[in-house]
Amino acid sequence: MTASETVLPTGEFYDPVMDRYSKKSHLRWILSHVLVHKKMLLLFFLAATISAAIGTITPLLMGDLINEIIADNSSWNVIQRLAYIILILTISGGIASFGSSLIIEIMSQKVERNIRNEYYASMLSKSMTFHDEVKQGDVMARATFDTRMVNFFVNPVIHLLYAAIFGVLFSIIGMFIITPYWNNMPVLLLMPLLITFPIAFFARRFYKSVGPISMQIQESYSTLSSYLQEKLLGISVIKTFAREPFERVSFREKNTKLSKEIITRGKLRSKYYPALFVGIGVGATIVWGSLLIDWGVGAGQFGIGELVAYSMLAGNLFFPIWVMSWMLVLIQMGFAGASRITDILTKKTIIPAPVNPTDLSIIKGDIDFNNVSFSYDGNVFVIKDVSFSIPSGSRVAIVGPAGCGKTTLMKLLTRLYDVSSGSVNIDGVDIRNLSLETIRRNIGVIEQEIVLFSASISDNISYGKPDATEEEIIEASKMAQAHEFVIKFDKGYKTIVGERGTTLSGGQKQRIAIARMLLADPTVLVFDDASSAVDSETEDKINTAINRVLKDRTSFIITHRLSTIRHSDIIIVLKQGTIKAIGIHDQLLKESVDYWRVFARFSEIRKMMPEQMISEMESGE
Ligand SMILES: Nc1ncnc2c1ncn2[C@@H]1O[C@H](COP(=O)(O)OP(=O)(O)O)[C@@H](O)[C@H]1O
Ligand SMILES: [Mg+2]
């Protein structure tokens with residue numbers, strides 16, 4: 001197993017990239033991924049060198065062959081031997097070239113795979129703050145499109161770069177070999193060198209014009225994919241407001257922009273069509289060579305055979321020079337991709353894991369909040385100086401108007417976010433001294449917006465306990481009052497729920513989530529109840545399910561259900577991030593206007609409200 005394939009221990013939320021690459025350049029980051037495959041790299045170099053060498057030897061032998069054929073005293077034996085050698089070399093060259101391409105292709109795929117793995121591992125380790133801030137579509141584009149860009153850096157960049165450097169080197173050596181004792185060597189090299197300049201000039205222009213548009217295309221792809229992602233997530237809103245025509249046009253515009261950019265690049269690319277330049281170069285070289293023969297320069301040493309070898313080598317010389325320009329574009333794109341990936345990888349938004357976590361493998365479930373304040377953006381405080389102490393096994397209800405911070409308070413308990421000041425303690429230990437795994441395994445949350453994965457119902461239920469048996473799954477499902485509706489589906493527990501559980505109703509999703517929680521069997525339970533909008537039969541079922549789930553556990557329920565609240569051991573009344581009252585039902589009825597406000601919509605309760613409370617409530621706001 002290579003370094004980049006190291007499996008992170010579950011629950012260890014440290015960021016591998018932060019550790020390894022934070023101070024390094026993109027190039028070094030890419031190279032660190034390439035150099036993992038040292039053996040393949042060596043094999044590639046070997047194959048590519050052989051292929052380049054054969055590419056130089058073959059023209060030389062061709063020259064000899066032609067010389068032999070046109071010689072006055074030509075020997076059939078020599079011709080035959082040369083022909084065989086050329087044949088064998090051509091075949092071996094082909095194999096070496098095929099081998100080097102294959103090796104580099106495999107290697108580039110491995111690099112791309114490892115980068116994606118690293119990227120995903122990093123996404124998993126990022127804090128909620130990070131995920132709140134980034135655009136999902138953008139994060140996805142980086143995982144797909146930009147990793148491809150980085151891959152270009154290996155294939156074809158490393159491949160062609162190596163072939164180019166050795167191609168040029170060997171061609172020049174080859175040209176020297178053609179005329180070893182010839183005093184007029186500089187004359188021979190004159191034309192190829194002269195031709196190199198215009199080719200290099202156009203290559204540079206190509207790079208300057210195609211480079212920027214390629215970067216733009218990369219950016220546009222990413223924009224388009226994040227746009228698509230966001231719109232698909234909100235498809236029901238688009239339909240509800242009948243905005244399809246607008247969205248169609250708006251997408252079309254973005255899409256057209258991208259395709260125009262790609263066409264522009266295509267035009268530029270064909271304007272500087274490489275074969276043309278290489279062809280002109282080779283042609284000019286041949287003309288130059290024949291002129292030299294005609295003028296009698298180097299007579300006796302530079303004949304027809306040498307001319308053939310010479311022009312073939314010139315082709316080997318010009319092509320790499322041209323290819324370099326395209327390489328530069330790809331290198332630029334690879335770097336841009338790398339920079340977009342490492343940008344995200346190195347974002348410092350991880351929840352720091354304690355170095356020596358306190359060992360609390362079994363949690364009792366005492367929960368303390370000590371002067372906890374919290375702000376999402378470091379500016380507006382949504383939790384202000386909240387303190388309370390809950391003995392294990394208690395059933396706690398958290399009530400208060402929408403937006404008062406109920407959900408946030410529970411996110412602090414599970415350390416999805418870190419408190420801005422104060423502390424949250426479990427069994428007397430600050431949760432920042434517990435491993436995240438300990439916290440998350442011991443505190444189960446049924447979220448306000450239930451998320452199911454697009455997998456079978458049974459896989460969703462066993463998500464927190466992957467080794468659960470079928471009996472256990474059904475048992476949990478029965479407890480959660482889900483069994484009854486699940487078996488009504490044609491495929492029962494094998495039914496695949498749509499992405500995010502779209503094919504289930506709110507009440508059904510909630511009961512699947514309760515079953516999922518039951519199987520995971522946490523010590524502390526948080527139930528963030530959003531669905532006050534279910535029918536009374538479903539509500540009864542959910543109540544039954546909750547009551548079973550809550551038994552013997554420290555539990556926090558965020559709810560408006562009177563029956564649930566009334567039977568709680570402790571009720572916390574929140575308003576604008578502060579605790580307005582805390583106590584039991586009967587006591588709060590006597591003391592707290594804010595508590596009454598929670599139920600004010602029930603007219604029968606309103607009738608019971610003491611005179612003085614009503615006037616206080618009405619003058620309040
Ligand atoms: N991820 C977030 N980023 C920034 N602000 C948030 C975020 N989530 C909630 N808020 C804000 O924090 C406040 C409390 O929200 P929340 O805890 O969800 O309230 P409740 O659950 O009581 O309805 C609200 O003003 C809300 O706008
Ligand atoms: Mg909420």
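**Exercise 1. Find the residue in β2 that is the bridge partner of F369.**

Step 1. In β2, F388 is the bridge partner of F369. Strands here are DSSP runs (E, at least two residues), and helices are DSSP runs (H or I, at least four), numbered from the N terminus. The model is predicted: local features need pLDDT of at least 70, side-chain atom pairs count only at pLDDT 80 or more, and totals for chains, interfaces and linings use all residues. Residues are numbered from 1 along each chain as its sequence is written.

Step 2. Strand β1 (residues 367-375) and β2 run antiparallel, joined by six bridges. Two strands pair if DSSP finds at least two bridges between them.

Step 3. The open sheet has four strands, in the order β2-β1-β4-β5, with antiparallel pairing. Its edge strands, β2 (381-390) and β5 (429-430), each pair on one side only.

Step 4. Helix α12 (residues 406-413) packs on this sheet and touches β1, β2 and β4 (421-426). The direction of α12 makes about 65 degrees with that of β2. Axes are lines fitted to C-alpha atoms, for helices over the stretch in contact; angles run from 0 to 180 degrees between N-to-C directions.

**Exercise 2. Explain why strand β7 is largely enclosed by the rest of the structure.**

Step 1. Take residues 524-528, strand β7: four of the five are buried, so the strand is largely enclosed. A residue is buried if 20 or more other C-beta atoms lie within 10 Å of its own, exposed if 12 or fewer, and partly exposed in between; C-beta atoms are placed from the backbone.

Step 2. Look at the neighbours. Strand β6 (residues 443-446) runs parallel to β7, with four bridges. Strand β8 (residues 554-558) also runs parallel to β7, with five bridges.

Step 3. Follow L525 of β7. L525 stands opposite G444, and its bridge partner in β8 is S555.

**Exercise 3. Describe how domain 2 meets domain 3.**

Step 1. The protein is divided into domain 1 (24-345), domain 2 (367-583) and domain 3 (590-621). These bounds come from an automatic or database domain assignment.

Step 2. Seven residues of domain 2 contact seven residues of domain 3. Contact means C-beta atoms, placed from the backbone, within 7 Å.

Step 3. On the domain 2 side, β9 (570-575) and β10 (578-583) are the elements that give two or more residues.

Step 4. The centres of domain 2 and domain 3, taken over C-alpha atoms, are 28 Å apart.

Note on methods
Chains are lettered from A and ligands numbered from 1 in the order in which they are written. Two residues are in contact if their C-beta atoms, placed from the backbone, lie within 7 Å.
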